[in-house]
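Subject: Handover of a structure and notes on its contents

Dear colleague,

Please find the structure below, together with its sequence. My notes on what was found in it follow directly after.

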Amino acid sequence: MNPSPNPVRLEEPSPVRPLREPSRCVRPMEAADLPAVGRLFNKAFRRKNEEPQQDLLGYLDHVFLQNPGYAPEHGSIVHKDGTGRIDSALLSLPMSFHAMGHRITARLLCAFMADGRAGFAGAAKLARAIRLSQPDLCFSDNASPVSADHWITGGGFMLPIQSLEWRRTFRPFQGGFERLRETMPAFRHLRLTPLLKPADLVARRLFGAFVPPGPPGMASIEAGLDEFLACARQMTERFAIRPDWSCEEFAWLMDTAALNTSLGQLRCRIVVNAQGATVGCYLFSGRPGEMAHVLNVLCLEGREFDVVGHMFADLAASGYAAARGMAQPFLMNALMRQRQMNFRHRGYFCMVTQHRDIREAALRNDIFIGGLASESWSRLLTDFR
């Protein structure tokens, strides 16, 4: 790690400064606000002006008010108009990070909602309140083009590689059907695997690119929570900015990610070499025959080709139709060497910080972020829509 010309100097874990809004109409979200926030979510993301179901209210409470790192100064915020009605909200999840030698509290900014044009002024005040709080680190992993412009106007920046999603195909016909189900909800409950399986068998025999070869000597071991956390800590030590999960926070994240059953079962695997030494690990959700949603891929420096290659060979042999995940700078060379691989824009990964050295480290890709340390696991992205 290169020494920084402007290091972060924090005596203790750094809380974000409390929000100050002269008009006093911006304040932390409370439990009593959840029905109004849930209605905003339905209107903004489901295009339905209806009261939220209890399932959504319970999930909002669990994620944004009951998480281990919750504190009002780090949490979600709402704006009330002149009549006392909540017309905009910004959901925020605190996450512990190690940055330039110090432990800080970062904020993952999730759904940003406004009640149509009537809520635009309130949304602008929420964005301004975040800037005035002078955060150590705020980030969002799926900002729209308009939101990304607001981030940059407010002094933030965008990470281009983390804004990409990679996808590797193993079974082309089932994989194509998985894409169709993503874009057309009416097809999500169809099960065509028995019909598509024979075509995929022929395609895999005729075209070897659909069958990724595994690096020699590599093997996977199913891992528990403690094993995966130990591996993740070891594999991310090389980054100046990285998650700094406590055991409690990590357990909560894993349990909450496992609630997203629409993606399939959450599984951890450790990758070992011929001598039995751990060289990497990966975390994913999925059902054999469908898509594997890879949250995190981690490895020792220099073992990217072994871990990425083995992961794809393992997922293909386990029967998954395809795999997808967030691009990471340190993995790009290994990913781009794969056949039947493509990349697409998934949403802007935006950040803002008051510290120049954190900004410079992120822009030179000395950062590990995404997967569990992002919103990829959230039911808000896949359910309630």
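A salt bridge is counted here where a side-chain nitrogen of Lys or Arg lies within 4 Å of a carboxyl oxygen of Asp or Glu. On that basis the structure, which is a predicted model, holds 21 salt bridges.

Salt bridges

Glu165 and Arg344 meet through their side chains at 3.0 Å, N to O. This pair links distant parts of the chain, since Glu165 belongs to strand β7 (residues 164–169) and Arg344 to strand β14 (residues 341–345), 179 residues apart. The two partners also fall into separate burial classes: Glu165 has a relative accessible area of 7% and is buried, whereas Arg344, with 39%, is partly exposed.

The side chains of Asp81 and Arg85 form another salt bridge, at 3.4 Å from N to O. Asp81 is partly exposed at 21% relative accessibility, and Arg85 is likewise partly exposed, at 36%. As the cut-off for buried is under 20% relative accessible area, the value of 21% places Asp81 in the partly exposed class. Both residues belong to a network of salt bridges that links Lys43, Asp81, Arg85 and Asp115.

A further salt bridge joins the side chains of Arg46 and Glu50, with an N to O distance of 3.1 Å. Glu50 has a relative accessible area of 27%, and is therefore partly exposed.

Cavities

A search of the whole structure returned 3 cavities of 30 Å³ or more. The largest cavity holds about 80 Å³ of space. Its lining includes Trp166, Met326, Gln328, Leu331 and Phe368. Two elements, β12 (291–299) and β13 (322–326), each give two or more residues to this lining. The largest share, 4 residues, comes from β12. By class, the lining of the largest cavity consists of 7 nonpolar and 5 polar residues, with no charged residue.

The second largest cavity has a volume of about 40 Å³. Val63, Phe64, Leu93, Leu108, Cys110, Glu375, Trp377, Ser378 and Leu380 line this cavity. The elements that contribute two or more residues to it are α2 (54–64) and β4 (102–114). Its lining comprises 7 nonpolar residues, 1 polar residue and 1 charged residue.

Backbone

Most residues other than glycine have a negative phi.

Surface

Which residues form a nonpolar patch on the surface? The patch is made of Val202, Leu206 and Phe207, which together present about 320 Å² of accessible area. Phe207 is found in the loop between α6 (193–206) and β8 (219–222).

With kind regards

Terms used. Residues numbered from 1 in each chain as written. Predicted model: local features only at pLDDT ≥ 70, side-chain atom pairs only at ≥ 80, totals over all residues. Heavy atoms only, no water. Patch = residues over 30% accessible without salt bridge, like charges linked within 9 Å, V, L, I, M, F, W, Y side chains within 5 Å. Areas by Shrake-Rupley, 256 points an atom, 1.4 Å probe, with all protein chains shown as cover. 1 Å grid on protein atoms, 1.4 Å probe; cavity = no way out; pocket = protein on both sides within 12 Å on 5 of 7 lines; lining within 4 Å. Points joined across faces, edges and corners; volume = space filled by probe spheres on them. Nonpolar A, V, L, I, M, F, W, Y, C, P; charged D, E, K, R; others polar. Buried < 20%, exposed > 50% of the residue type's maximum accessible area, 1.4 Å probe, protein only.
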